[in-house]
Amino acid sequence: MKTYFILFLCYLSFASVYSQNDIQIEYGAVFKNEKREIPFDIVGKDENGYYMLYSEGKYGQGDDMFLRKFNLDLTPSRQELNLKDDTYEDKFSSLGVTKINDNIIHVFSLMTDTGKKYYYQLVNLNTFELSEKKFITEIENDTKNANNSISRFIISDDENTITLFYTIPNKNKETAKIRVQTFDSSFVEQTNTTYEFPYNNDVLSIRSVFSNKNKELFVLCKVYDSSKILSDESKHQYEFQLFKVTSDNLKLLTKIRSNNVHLRHLSTALFDDNKLVLTGLFSVKDMYAMTGVFSAKIDLETGKQLYANYNTLSTEFFSKLMSDGKKKDKAILKYNEGKRENPNYILKNTIKLDNDELLVLAEQNRSFTYNYITTYYSDNIAAIKLDNQGNVIWSNKIGKRNEKANIYIYNSFFPILKNDAIYLFYNGNSKNLNHKTGFIANSFGSDESVFLSTKIDAEGNYTRHILCTKEELEGVTIRPSLYNWIDDNTLLMFGQDIDNLKNQRFIKVIFK
């Protein structure tokens with residue numbers, strides 16, 4: 001363990017300076033790092049303090065990886081542990097860091113001449129000491145280098161079962177294979193099984209691996225009609241297949257064939273009755289646009305599809321943020337003729353609601369590079385509520401404009417379901433508080449920059465509220481994707497100065 005230097009710019013105890021009817025904000029101290037390091041994960045909290053993963057670089061993309069401890073008042077404790085030994089060099093790859101009971105577990109791999117070896121280390125949170133690395137397993141080089149293997153590290157809800165999933169590194173024209181190993185919480189091996197898919201690697205793409213409350217493992221794949229996957233993608237020549245991992249084989253549960261539309265990605269939402277809903281955006285013309293929302297509900301015991309719907313979104317939804325006038329009328333005409341779609345939308349979240357209803361959230365995302373400068377755009381949000389049969393109840397668009405050159409970690413939004421409402425947290429502009437149509441101001445680079453909450457009610461109506469002003473944050477910008485729940489009603493979030501990454505602070509978002 002080593003210590004590092006922290007300079008306090010000012011000290012502010014966690015005192016509430018903002019409150020609305022249902023949310024309260026508390027601000028932490030502004031502190032300054034000696035190095036240009038930022039956190040990329042908030043691991044957890046216990047009675048000793050908070051634990052963050054830090055690395056160098058403006059994205060936290062550096063070669064180092066430090067577990068840093070903060071005091072309970074979220075001031076730096078000046079204690080950190082190096083999770084990446086200097087001898088690892090480029091052979092190192094982290095699979096994940098998580099807190100279990102009084103320990104933090106770090107699972108990682110190291111490349112060797114013979115393959116890829118997996119290890120774990122424990123951090124004792126009572127002493128804040130790092131154990132020696134311990135060997136888990138090895139993927140040996142097959143007909144391909146083991147560096148090509150895809151790995152997943154999954155911990156069960158009760159934290160008693162650890163699953164390591166990885167692909168066997170063989171050639172494209174060979175049968176796709178995976179291996180699944182399970183361990184108890186002390187990494188004592190319980191099972192070790194190799195499985196074969198009924199397809200070669202060149203037509204199979206593993207999209208997600210997940211488990212249910214029964215600790216059963218499932219694999220969602222995209223299977224192409226031929227090895228010419230780019231051509232197949234553009235011609236809708238593929239289908240999604242859901243497999244259940246049993247003790248001795250891969251059981252095909254269901255297939256979802258693209259209905260002559262682009263269906264690039266499917267997200268998963270698990271229900272307590274062992275049902276799964278797959279949701280995705282589909283488009284008729286442009287692969288990266290949105291014509292509507294697809295949803296399918298599947299019984300994970302039988303594989304039966306309880307429903308499968310393609311919901312085309314309305315003209316009203318398409319033109320929701322447009323100002324009245326000839327330009328809007330012309331756009332609507334082209335949309336009705338099938339010449340326009342909702343451009344550049346990607347699926348961000350699927351949130352389970354009461355009565356097996358769902359809220360699908362999508363966002364306009366794109367980037368543009370000119371003269372070696374890449375601008376990242378994370379703009380308008382689409383919210384679509386589906387009933388328990390996968391049909392649209394309502395749909396709406398929320399105007400947002402996050403546009404920043406060469407950096408993206410301050411863009412996008414974080415959604416929360418709380419008190420029968422949806423809250424969207426993101427960086428915004430105070431000029432946009434009452435925006436419904438027309439021009440919308442950029443969130444960055446002005447005195448009007450704020451951190452916002454947009455509250456969506458059960459009918460799809462929304463209101464924006466300022467959570468933090470630029471002055472209250474003292475030059476810090478919140479990163480919406482970096483958060484952790486302290487308890488059921490308190491969310492911890494982090495921000496830093498865009499122009500001077502060394503200046504950092506935390507805030508607490510407290511739901512009443």
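**Entry 1: a glutamine and its neighbours**

I listed what Gln-496 touches, leaving out residues up to four places away in sequence; contact means heavy atoms within 4.5 Å. The list holds Ile-38, Pro-39, Lys-58, Ile-409, Tyr-410, Gly-475, Val-476, Thr-477, Arg-479, Leu-501, Asn-503 and Gln-504.

I noted the ground rules: this is a predicted model, local features need pLDDT of at least 70, side-chain atom pairs count only at pLDDT 80 or more, and totals for chains, interfaces and linings use all residues. Residues are numbered from 1 along each chain as its sequence is written, and side-chain values use heavy atoms, with hydrogens and water left out.

Next I looked up where Gln-496 sits: strand S38, residues 490-496. Strands (E, at least two residues) and helices (H or I, at least four) are DSSP runs, numbered from the N terminus.

Is Gln-496 buried or exposed? Gln-496 counts as buried because its relative accessibility is 0%. The cut-offs are under 20% relative accessible area for buried, over 50% for exposed and partly exposed in between (1.4 Å probe, protein chains only).

I also found a polar contact of 2.9 Å between the side chains of Gln-496 and Tyr-410. The term means a pair of N or O atoms within 3.5 Å; within protein, one must be able to donate a hydrogen and the other to accept it, and residues adjacent in sequence count only if both atoms are side-chain atoms.

**Entry 2: a threonine**

Thr-350 lies in strand S28, residues 345-352. I logged Thr-350 as buried because its relative accessible area is 18%.

Which residues does Thr-350 touch, not counting those up to four places away in sequence? They are Ser-267, Ala-269, Thr-279, Leu-358 and Leu-359. The side chain of Thr-350 makes a polar contact of 3.0 Å with that of Ser-267, and one of 2.7 Å with that of Thr-279.

I then checked Thr-350 against Ile-42. They are 308 residues apart in sequence and 22 Å apart in space, C-alpha to C-alpha.

**Entry 3: cysteines**

How many disulfides does the structure hold? I found zero; a disulfide is a pair of cysteine sulfur atoms within 2.5 Å. Cys-221 counts as buried because its relative accessibility is 0%. Cys-468 counts as buried because its relative accessibility is 0%.
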